[in-house]
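The following note sets out numbered points on the model under review. Please read them alongside the sequence and the coordinates.

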Amino acid sequence: MAERRVVVWSAVADVVAVLVFVAIGRRTHDETGNVVVGALKVAAPFVIALALGWVIARAWKSPWAPAAGVVIWLTTVIVGMLLRRFVFDRGTALPFIIVATLFTGFFLVGWRVVVEWRSERDIRP
């Protein structure tokens, strides 16, 4: 199991990625109402799916691994969209699915690829 600090910071980075996605989306679409409540309503299905992705990937064992990031990303998008549509009764238009998939993939997998690349560079003689 990875060091507790690494696990916590990795989980925080993933949650922040989802929240940034939501914040940008709400801002882009000029959504009104209470900012916090609105953001939580939009983020909830994806944060729930993100937590499930962590469990499926067993990410606490190797939270920086890009492979874990891929599992977390796909779970976040697929389960998040299903929850959004069928539990939270919100829209899942194709353009939204595409943007969500690209954004979350870039951020949930991307930071892990950068960390792995940096760690490999630091190990070389």
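1. Charge. The chain carries 14 positive and 8 negative side chains, and the centres of the two sets lie 3 Å apart. Lys and Arg are counted as positive and Asp and Glu as negative, with His and the chain ends left out. Each charge is placed at NZ of Lys, CZ of Arg, CG of Asp or CD of Glu.

2. Basis of the values. This is a predicted model, in which local features need pLDDT of at least 70 and side-chain atom pairs count only at pLDDT 80 or more, whereas totals for chains, interfaces and linings use all residues. Residues are numbered from 1 along each chain as its sequence is written, and side-chain values use heavy atoms, without hydrogens or water.

3. Fold and dimensions. The chain has four helices and zero strands, in the order α-α-α-α from the N terminus. Its radius of gyration is 15 Å, close to the 14 Å that the globule rule gives for 125 residues, so the chain is as compact as a globular protein of that length. That radius is taken over C-alpha atoms, and the rule is 2.2 Å times the number of residues to the power 0.38. Along its principal axes, the C-alpha trace spans about 55 × 25 × 25 Å. Helices (H or I, at least four residues) and strands (E, at least two) are DSSP runs, numbered from the N terminus.

4. Buried residues account for 32% of the 125 residues; buried means under 20% relative accessible area, exposed over 50%, and partly exposed in between (1.4 Å probe, protein chains only). The accessible surface comes to about 7900 Å², with 70% belonging to carbon and sulfur atoms; areas come from the Shrake-Rupley method with a 1.4 Å probe, and for residues only the protein chains shown count as cover. Of the contacts with a separation of 6 or more, 71% join residues 24 or more positions apart, contact meaning heavy atoms within 4.5 Å.

5. Helix α1. This helix, residues 4–28, has 25 residues and reaches 36 Å from its first C-alpha to its last, close to the 36 Å expected at 1.5 Å a residue. The expected span is 1.5 Å times one less than the number of residues. Among the buried residues of α1 are Val 6, Ser 10, Asp 14, Ala 17, Phe 21 and Arg 26. An α-helix has 3.6 residues a turn, so residues three or four places apart point the same way.

6. Helix α3 and Arg 84. Helix α3 has 21 residues and reaches 30 Å between its first and last C-alpha, close to the 30 Å expected. Its buried residues include Ile 72, Val 77, Met 81 and Leu 83. Arg 84 also lies in this helix, residues 66–86, and counts as buried because its relative accessibility is 9%. Leaving aside residues up to four places away in sequence, Arg 84 touches Val 42, Pro 45, Phe 46, Asp 89, Arg 90, Gly 91, Thr 92 and Phe 96.

7. Loop between α3 and α4. Asp 89 is found in this loop and has a positive phi of about 50 degrees although it is not a glycine. At 63% relative accessibility, Asp 89 counts as exposed. Val 87 lies in the loop between α3 and α4 (94–123), and its 58% relative accessibility makes it exposed.

8. Arg 58 has a positive phi of about 50 degrees without being a glycine, and at 45% relative accessibility it counts as partly exposed.
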